[in-house]
There are 2 protein chains.
Amino acid sequence: MPQTDYDIVIIGAGPAGLTAGIYAARARMNVLLVEKAAPGGQIIITDWVENYPGFPEGISGYDLGEKMLNQAKKLGLEITTEEVTAMELSPAVKTLHLGDKTITAKSLIIASGASPRKLNVGEEKFMGKGVSFCATCDAPFFRDKTVVAVGGGDTAVQEAIFLTKFVNKVYLVHRRDELRATKILQERALNNDKIEFVWDSVVTGMDGFFGVENVHVKNVKTEETRTIKADGCFVWIGIVPNTGFLNDSLELDEWGFIKANHHMETSVPGVFAVGDVRDTPLRQIATAVGDGAVAAVSAEHFVENFAG
Amino acid sequence: MPQTDYDIVIIGAGPAGLTAGIYAARARMNVLLVEKAAPGGQIIITDWVENYPGFPEGISGYDLGEKMLNQAKKLGLEITTEEVTAMELSPAVKTLHLGDKTITAKSLIIASGASPRKLNVGEEKFMGKGVSFCATCDAPFFRDKTVVAVGGGDTAVQEAIFLTKFVNKVYLVHRRDELRATKILQERALNNDKIEFVWDSVVTGMDGFFGVENVHVKNVKTEETRTIKADGCFVWIGIVPNTGFLNDSLELDEWGFIKANHHMETSVPGVFAVGDVRDTPLRQIATAVGDGAVAAVSAEHFVENFAG
């Protein structure tokens, strides 16, 4: 195998990338983690985490991200703040462009994450203060409250039904006059007394003092507007993988997520994908750390067995 | 769907089962966790954990198990100390025999774990004091030491090679005069200066004051015995899944682990397998919690969609 700068390069410092880094550094691999922004990934904007095992009192996403980062650093992981702008992948060498710099590696772990599609109506300022993109994560924080939910696909309807176990009422706002979700989910939602449908409508804004208090909605057919009093707004209008730098070099699923098998192997030997950016059945911190551990061990075996 | 005692029953309170419990209880499912012994699983006999993300200073396995247990209890998980002795599984109803008691559930998450095959030469008293079953977990604790390793299969040879990154010397004790491992691993081990092979031999005992100091070895052909001065003993002679109660009701892989896909679905609808007992590529706390989260959400969807 040709000489390279690194055995393993990891892209992204969320829970999946940091865990891969913890394992690879601890295994004394020659490894670099590249992160374009602040380490921690999506979780650093997560207000409170109750379901990552090991923290009975819960922990803020920011603190958890920092703990994982410190653990990786303590085990000797080298981290650089740079953006991968392009790459060329071959089984033997992976070449990464970081602006005008170029680095090479024998193997690559992609942990670049995904972002929920935004409404872009100013909801950012209510993140962790009423706005959420994940009912599994946040529904228990809205016991006996009223919430607005946005979307009409499988995830939106499944999550809206899940919400009704906790909240008093869900206004489900959908831009069309029928749901896209599968039949059985539709029936269950339509028969659920706690869900009121707001058809042909979009959310145009929200306001509140400490957190969400009002959600503003517009009917796209009649142009009528109304204000819904609500303590929260769940947004499920899609999730976008962060794969802009891939240059079509890996096989993706129909939604653009990187295809990977249970060893986290992608369509190119020595390239692994983990966490939110892969075609995973669930996007949670717990699943991200599992992916990261598997990929690090897979990458280690790949490097060792190729290096002879 | 017929009435059952529970929506979900989880078997086993290691990291995989407790995480499934955390997710299922938090999702307000009617869920019971059955554990035959002390909650925590294998990790409660793990001296020190450095690679579970979120604990930069490391944590004892016992403390981590207790934290996960307390988190599950705090979220309302019902836990009972009983042994599942047999079961009958159908897509609609899962019947579990707990001694002379019988309970039913719509779905079942099997997290009963696996145990490393023991030497049975008194190594139990040196667990966490020099005896280990996992180089990925424990090799960094043996920097610049001398260790004995036992086994001749892929895992043994791969782990022995991994150990040489940390230790000064590995005596690899194998009961035959050649390795069973794949060719490439054999070559790498045979060419590794730090590995000395002790062929045709078995470990007959070990002693030491605070931890392992001497490992006693016998040649099975010549009956000669020798004592190797060593600070540790790694045992890789197999891993045995805890599946005695299954009554051949689920499809297993060739080593007896439960086959499960990436939704953790087994060959029977509504039965999920997670953690060490499934056919997983890696057996770590990080991977167990990922499995547990996925299975809980899969079980929840199974119950909701069948219950209509």
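A salt bridge, as I use the term today, is a side-chain nitrogen of Lys or Arg within 4 Å of a carboxyl oxygen of Asp or Glu. By that rule, a search of the whole structure finds 22 salt bridges over all chains.

Before going on, some ground rules. This is a predicted model, in which local features need pLDDT of at least 70, side-chain atom pairs count only at pLDDT 80 or more, and totals for chains, interfaces and linings use all residues. Residues are numbered from 1 along each chain as its sequence is written, chains are lettered from A and ligands numbered from 1 in the order in which they are written, and side-chain values use heavy atoms, with hydrogens and water left out.

I start with the two chains. Two copies of a chain are related by a rotation about an axis and a shift along it. Here, chain A is superposed on chain B by a rotation of 180° with 0.0 Å of shift along the axis, and the RMSD is 0.0 Å. That is the relation of a two-fold axis. The superposition is by least squares on the C-alpha atoms of residues with pLDDT of at least 70 in both copies. Among the residues of chain A, A:Gly290 comes closest to the rotation axis, with its C-alpha at 2.5 Å.

Next, the interface. Contact means heavy atoms within 4.5 Å. On that basis, 52 residues of chain A are in contact with 52 residues of chain B. Of the interface residues of chain A, 100% are also interface residues in chain B, so the copies meet through the same surface. Between them the chains bury about 4700 Å², 55% of it on carbon and sulfur atoms. Buried area here is the accessible area (1.4 Å probe) that two parts lose on being put together, summed over both.

What about polar contacts? A polar contact is a pair of N or O atoms within 3.5 Å; within protein, one must be able to donate a hydrogen and the other to accept it, and residues adjacent in sequence count only if both atoms are side-chain atoms. Across the interface of chain A and chain B there are 34 residue pairs in polar contact, both residues at pLDDT 80 or more. On the side of chain A that touches chain B, the elements giving two or more residues are helix 1 (15–26), helix 2 (61–74), helix 3 (135–138), helix 4 (154–163), helix 5 (183–190) and helix 6 (285–307). Helix 6 of chain A gives the most to that side, with 11 residues. Helices (H or I, at least four residues) and strands (E, at least two) are DSSP runs, numbered from the N terminus.

How many salt bridges are there between chain A and chain B? The count is eight. In one of these pairs, the side chains of B:Lys74 and A:Glu57 meet at 3.2 Å, N to O. B:Lys74 lies in helix 2 of chain B and A:Glu57 in the loop between strand 2 (31–35) and helix 2 of chain A, so the pair joins two chains. Both B:Lys74 and A:Glu57 are exposed; exposed means over 50% relative accessible area, buried under 20%, and partly exposed in between (1.4 Å probe, protein chains only). A:Lys74 and B:Glu57 also form a salt bridge, at 3.3 Å, N to O. A:Lys74 counts as exposed at 52% relative accessibility, and B:Glu57 is exposed at 56%.

Another pair is A:Arg188 and B:Glu304, whose side chains meet in a salt bridge at 2.8 Å, N to O. A:Arg188 lies in helix 5 of chain A and B:Glu304 in helix 6 of chain B, so this pair too joins two chains. Both A:Arg188 and B:Glu304 are buried. A:Lys165, A:Arg188 and B:Glu304 are linked in a network of salt bridges.

Now a charged residue without a partner. B:Lys94 lies in strand 5 (residues 94–98) of chain B. B:Lys94 is buried yet has no salt bridge, and the nearest side chain of opposite charge, B:Asp7, is 11 Å away. For charge, Lys and Arg count as positive and Asp and Glu as negative; His and the chain ends are not counted. What does the side chain of B:Lys94 reach at 2.7 Å? The backbone oxygen of B:Pro91.

Last, a glycine. A:Gly152 is found in the loop between strand 9 (146–150) and helix 4 of chain A, and is buried, with a relative accessible area of 2%. The C-alpha atoms of A:Gly152 and A:His174 are separated by 5.6 Å, though these residues are 22 residues apart along the chain.
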